[in-house]
Number of protein chains: 4
Amino acid sequence: MEFEPRYLDYKKKVNESFGRQGFMELIDAKLKSIQPRYCEIEVPYSSRLTQQHGYFYAGVIGTVADNTAGYAAFSLMEEKASILTVEFKLNLIAPSDGEYLIGKAKVLKNGRTITVCRSDIYVIKDGVEKLCAASQSTLIRLKDRSDSLV
Amino acid sequence: MEFEPRYLDYKKKVNESFGRQGFMELIDAKLKSIQPRYCEIEVPYSSRLTQQHGYFYAGVIGTVADNTAGYAAFSLMEEKASILTVEFKLNLIAPSDGEYLIGKAKVLKNGRTITVCRSDIYVIKDGVEKLCAASQSTLIRLKDRSDSLV
Amino acid sequence: MEFEPRYLDYKKKVNESFGRQGFMELIDAKLKSIQPRYCEIEVPYSSRLTQQHGYFYAGVIGTVADNTAGYAAFSLMEEKASILTVEFKLNLIAPSDGEYLIGKAKVLKNGRTITVCRSDIYVIKDGVEKLCAASQSTLIRLKDRSDSLV
Amino acid sequence: MEFEPRYLDYKKKVNESFGRQGFMELIDAKLKSIQPRYCEIEVPYSSRLTQQHGYFYAGVIGTVADNTAGYAAFSLMEEKASILTVEFKLNLIAPSDGEYLIGKAKVLKNGRTITVCRSDIYVIKDGVEKLCAASQSTLIRLKDRSDSLV
């Protein structure tokens with residue numbers, strides 16, 4: 001029960017929300033998979049997204065961590081409910097050197113008000129996937145507002 | 001002692017590092033102040049930096065939180081040492097609705113290997129500054145590598 | 001407004017809640033100060049509270065960080081509302097070698113549902129106070145339950 | 001390679017370290033399992049370990065989260081190296097109402113200096129195991145000091 005979507009057309013809802021995020025377009029992010037309690041987002045390498053050594057910027061990794069968690073949580077919500085990030089914590093654990101970033105988030109707990117998620121972020125280089133960051137985040141469900149994922 | 005820069009020309013070092021970050025240019029961020037153990041970064045509003053309600057995107061706020069902490073720590077390091085974010089935790093505490101974001105970070109502890117910082121991120125609307133996010137982060141000093149702030 | 005107590009007799013409310021916590025008695029913790037949005041708790045050294053080097057145990061420091069945040073938040077709540085820790089993040093920044101621990105927490109944001117606090121934990125040795133840990137935490141207000149601080 | 005113990009007698013090393021922790025004895029904690037990159041610790045219910053509703057106290061849960069992570073990391077270290085908690089972040093996700101707490105930690109990343117772990121903490125009631133807390137933590141390896149797990 002805890003991990004069943006309350007809105008059957010959750011994929012459409014998530015896709016529309018994703019499409020409204022200017023920043024996702026700016027960094028060329030793609031929504032690769034949305035399932036109940038699960039989300040994947042991919043970002044291709046671009047020199048615009050780098051820090052001073054040419055790796056993906058921590059802020060971009062944080063964005064992927066936060067946004068995958070948000071949509072994993074959003075997949076379980078009612079049509080009208082929305083979800084807001086309360087906080088997230090991100091460990092950067094290896095240099096993000098590669099052609100793609102892929103974030104994979106899963107809902108650990110889907111409470112009445114609070115949802116807790118974990119995201120793993122991988123960097124892909126020459127076809128090899130390596131864990132480069134890991135996050136744990138807290139989100140809040142807002143019953144009376146439509147789509148306001150931050 | 002703990003909060004005295006080990007390299008007198010730390011402002012130049014920080015400015016050069018900041019200039020190498022492609023992502024800072026992409027989001028039009030400015031380094032407003034760099035002092036020993038302290039840093040301020042400002043980002044003007046742009047529709048490219050928004051989530052679906054037109055507020056600053058959480059990933060942009062996280063970028064400012066992380067980067068101010070990184071340079072606050074970097075201000076205290078030797079010329080050749082570099083600094084890397086180990087992890088950060090960010091609470092989003094009010095809607096980031098305004099014309100500017102300003103992040104202000106301070107070093108709490110400058111250890112031999114580990115540095116701990118806190119950042120406060122404000123949004124400015126009609127001249128009024130409001131706290132919109134707060135972070136606490138952990139950084140590591142790398143003695144043998146020049147500038148590699150992530 | 002944001003930091004005014006909604007219940008005038010908040011000191012009594014906090015003291016009674018503190019008195020119901022078996023664990024506070026076990027570690028001999030004292031509530032030293034409770035003000036609107038602010039709380040101090042002190043724990044004297046005991047060999048029962050140590051890790052393998054004779055310093056205060058991280059779990060004891062975490063307890064002080066969490067509990068000061070909880071009561072700082074609780075000071076602002078209505079008589080019937082209660083407060084629950086959603087999450088906390090704790091940096092251990094110096095060895096906790098001393099005769100006392102003192103935790104000092106302050107509310108950063110007191111929202112309708114979510115409260116965000118920071119706690120600084122000091123260790124006192126020979127009269128000198130040294131920062132040994134720093135935390136940032138998220139709490140939730142429960143309107144319809146009396147005192148249930150975790 | 002990353003997850004192979006550097007000291008073959010790691011079980012003995014971990015057991016001895018655990019035995020030196022006064023606080024583990026105080027809360028009657030047992031080391032249930034130690035494997036390369038993995039650790040389990042169990043704490044039986046006692047009224048001394050409770051908050052005001054009779055559930056396990058958050059500080060006890062934090063202790064289990066931190067200590068399982070510490071020994072999961074320590075299992076991989078050399079005989080002489082020690083491990084120190086840099087920081088941890090803990091989400092409390094369900095009431096810890098039960099006869100036992102069991103913490104299970106796994107190393108995500110075992111770097112040269114920094115180790116990152118995740119811990120899941122379960123409460124057992126009438127034989128049913130329920131996730132009550134989840135943490136993510138950062139530890140540092142100290143090459144030149146023997147056993148100093150905080």
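Chains A and B meet through the same surface, because 100% of the interface residues of chain A are also interface residues in chain B. This is a predicted model, in which local features need pLDDT of at least 70, side-chain atom pairs count only at pLDDT 80 or more, and totals for chains, interfaces and linings use all residues. Residues are numbered from 1 along each chain as its sequence is written, while chains are lettered from A and ligands numbered from 1 in the order in which they are written.

**Chains A and B**

The contact between these chains takes 32 residues from chain A and 33 residues from chain B; two residues count as being in contact if their C-beta atoms, placed from the backbone, lie within 7 Å. On the side of chain A that touches chain B, at least two residues each come from helix 2 (22–26), helix 3 (58–74) and strand 3 (82–92). Helices (H or I, at least four residues) and strands (E, at least two) are DSSP runs, numbered from the N terminus. Strand 3 of chain A provides the largest share of that side, eight residues.

Strand 3 also joins the two chains by pairing. Strand 3 of chain A and strand 3 of chain B (residues 82–92) run antiparallel and are linked over five bridges, where pairing requires that DSSP finds at least two bridges between two strands. Within strand 3 of chain B, B:Phe88 stands opposite A:Leu90.

The superposition is by least squares on the C-alpha atoms of residues with pLDDT of at least 70 in both copies.

**Chains A and C**

Seven residues of chain A are in contact with seven residues of chain C. Strand 3 and strand 6 (128–142) of chain A are the elements that give two or more residues to the side of chain A that touches chain C. Strand 3 of chain A gives the most, with three residues. Here too 100% of the interface residues of chain A are also interface residues in chain C, so the copies meet through the same surface.

Chain A can be laid on chain C by a turn of 180° and a shift of 0.0 Å along the axis, with an RMSD of 0.0 Å. For this rotation axis, A:Lys89 is the residue of chain A that comes closest, at 4.3 Å (C-alpha).

Ala, Val, Leu, Ile, Met, Phe, Trp, Tyr, Cys and Pro count as nonpolar, Asp, Glu, Lys and Arg as charged, and the others, Gly among them, as polar.

| Side of chain A | Nonpolar | Polar | Charged |
|---|---|---|---|
| Touching chain C | three residues | two residues | two residues |

**Strands within chain D**

In chain D, strand 2 (residues 38–44) pairs with strand 4 (residues 100–110) in the antiparallel sense over seven bridges. D:Ile41 stands opposite D:Gly103 of strand 4. Strand 4 of chain D also pairs with strand 5 (residues 114–125) of chain D, again antiparallel, over 10 bridges. D:Asn110 has D:Thr115 in strand 5 as its bridge partner. Strands 4 and 5 of chain D form a hairpin with three residues between them.

**Confidence**

The mean pLDDT of chain A is 91, and 94% of its residues reach 70 or more; pLDDT is the predictor's confidence in each residue, from 0 to 100. For the complex, the predictor gives an ipTM of 0.91 and a pTM of 0.94.
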